[in-house]
Amino acid sequence: MAIQRASTVGDGIDLSDLRFWGRPLPERYEAFARLRAEGAPRHYPDPPVPFAKGGAGYWALVRHADVLEASRNPQVFSSEPNATTVIDGPQWLDKYVNSMINMDDPRHAKIRRIVSRAFSPKMLAKTEDDVQARAERIVAELIASGPGDFVAKVAVRLPVEIICDMLGIPAELYPRVLRLTNIVLGNSDPEYTGITPDMGRVRTGLGLAKVAWASRELHRLAARLGRARIKAPTGDLTSALVTANVDGEKLTEREFGTFFLLLVVAGNETTRTAIAHGLQLFTDNPEQKELLLADFDGRIGGAVEEIVRMSTPVICFRRNLTRDHEMNGRTYRAGDKVMLFYNSANRDEAVFTDPDAFDITRSPNPHVGFGGPGPHFCLGANLARREITVMFKELFTRLPDIRTDGEPDRLMSNFINGYKRLPCTFTAP
């Protein structure tokens, strides 16, 4: 079957071009709606990446049904050798970032068993109390300092403080952890790497080098904490992970390092993105905010799911075909790559009525904002839901008129739908 190549001139929808991801969000949503309306997925060329071997390109899966099918069928749609980037990175980078996201069973199942056992009810109960206490303190400090950047003052603080505290990272290292995770996920944004678009192709290579440096620093932090907790466990998550033994299975030092990096990166960026988008959504849709405040406890659950659907913090992941497979009237061949665009699936007209509308009463709401169903569904989904719930309860209880006050400064990324800065205003009590 002939491959339908993507048009990079006619309609300008080139998902491999970073400039597409710098376009305003409404333009991007419109572009994905056009892709969903086409009869078959488009095939895009791999972007050029120094130090990495390019391939034959990838299929862009933009429909909800296709994303679900690929997620539910890991035997065919594999996460190995890579599920996070379009092109396989150089091997020297793998030792830092090749986490359980990039694994299939049985390796994935082994790590998930050990990690799931470490998330004990006692630890989760302590975390719930900590979320509440920290949210109260963050809002109190916001009131004391006055309006400003909502990301720095609120959205970024709760998730990074919670995950660092869970892992036993000292408070004085929180800013460093945040800076390193910003580099790992913001590797295509000049603000975090110092690499500007006019540097051409070498820009990507320098970005990879920055990611490697930041990842190595996080691994070193993990190793220091891990060795200390093996000698003297303290009851934190690091202690549980490095001492866990499930049916004779333990995490190796490298497995712990990559999972540690995954926790601090995913536990920080995705939840902060949802919280920041949430304030923007409530500002743009004041009737939805009024609806929520009329019955907060009864409606916050639906509101959180709708915030995650609309924001879709993680834009996409990759899968790799292990054998030929028929789907949606097309044959995918063994060795093909597909990209699962969750941001598009979450606005699929075939599944969501009026998909671009923010509706906190939407039911059902089968979004894939935490990934599709299957073994790679987000391990921290419930913690993220709890953090978003508690933060908006504190904000709207103590600052009922808080709202955004200007345009957000968006992260330049084809992976994270993030805000770097978001001005807010409110009337202090």
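In strand 12, T425 is the bridge partner of R403. Strand 9 and strand 12 (residues 423-425) run antiparallel and are joined by two bridges; DSSP has to find at least two bridges between strands for them to count as paired. The whole thing is an open sheet of three strands in the order 4-12-9, with antiparallel pairing. Its edge strands are strand 4 (148-149) and strand 9 (403-404), each pairing on one side only.

A word on the model: it is predicted, with local features needing pLDDT of at least 70 and side-chain atom pairs counting only at pLDDT 80 or more, while totals for chains, interfaces and linings use all residues. Residues are numbered from 1 along each chain as its sequence is written, and side-chain values use heavy atoms, with hydrogens and water left out.

Strand 3 pairs with strand 5 (residues 316-321) over two bridges, in the antiparallel sense, and F77 sits opposite L321 of strand 5.

## Helix 5 against helix 16

The axes of helix 5 (residues 121-145) and helix 16 (residues 381-398) come within 9 Å, crossing at roughly 35°. The crossing is right-handed (the near helix is turned clockwise from the far one by less than a right angle).

On the helix 5 side, the contact (heavy atoms within 4.5 Å) includes T127, V131, A135, V139 and I143. Helix 16 brings residues including L383, R386, V390, E394 and R398. By class, the contact has eleven nonpolar, two polar and six charged residues. For these classes, Ala, Val, Leu, Ile, Met, Phe, Trp, Tyr, Cys and Pro are nonpolar, Asp, Glu, Lys and Arg are charged, and the others, Gly among them, are polar.

## The second largest pocket

The second largest pocket has a volume of about 430 Å³. A pocket is an open set of points on a 1 Å grid over the protein atoms alone, where a 1.4 Å probe fits, with protein on both sides within 12 Å along at least five of seven lines; lining residues have an atom within 4 Å of a point. Grid points are joined across faces, edges and corners, and the volume is the space filled by probe spheres set on the points.

Its lining has 19 residues, with L25, Y29, Q280, D284 and Y419 nearest the centre. Helix 1 (25-37), helix 12 (253-284) and helix 14 (296-311) are the elements giving two or more residues to that lining, and helix 12 gives the most, with four. The lining splits into nine nonpolar, six polar and four charged residues.

Most residues other than glycine have a negative phi, and most peptide bonds are trans. The D105 to P106 peptide bond is cis, with omega near 10°, and P106 is in the loop between helix 3 (91-97) and helix 4 (107-118). The bond from S363 to P364 is cis too, with omega near 0°; P364 lies in the loop between helix 15 (342-345) and helix 16.

T312, in the loop between helix 14 and strand 5, has a positive phi near 40° without being a glycine.

Conventions:
Axes fitted to C-alpha atoms, helices over the stretch in contact; angles between N-to-C directions.
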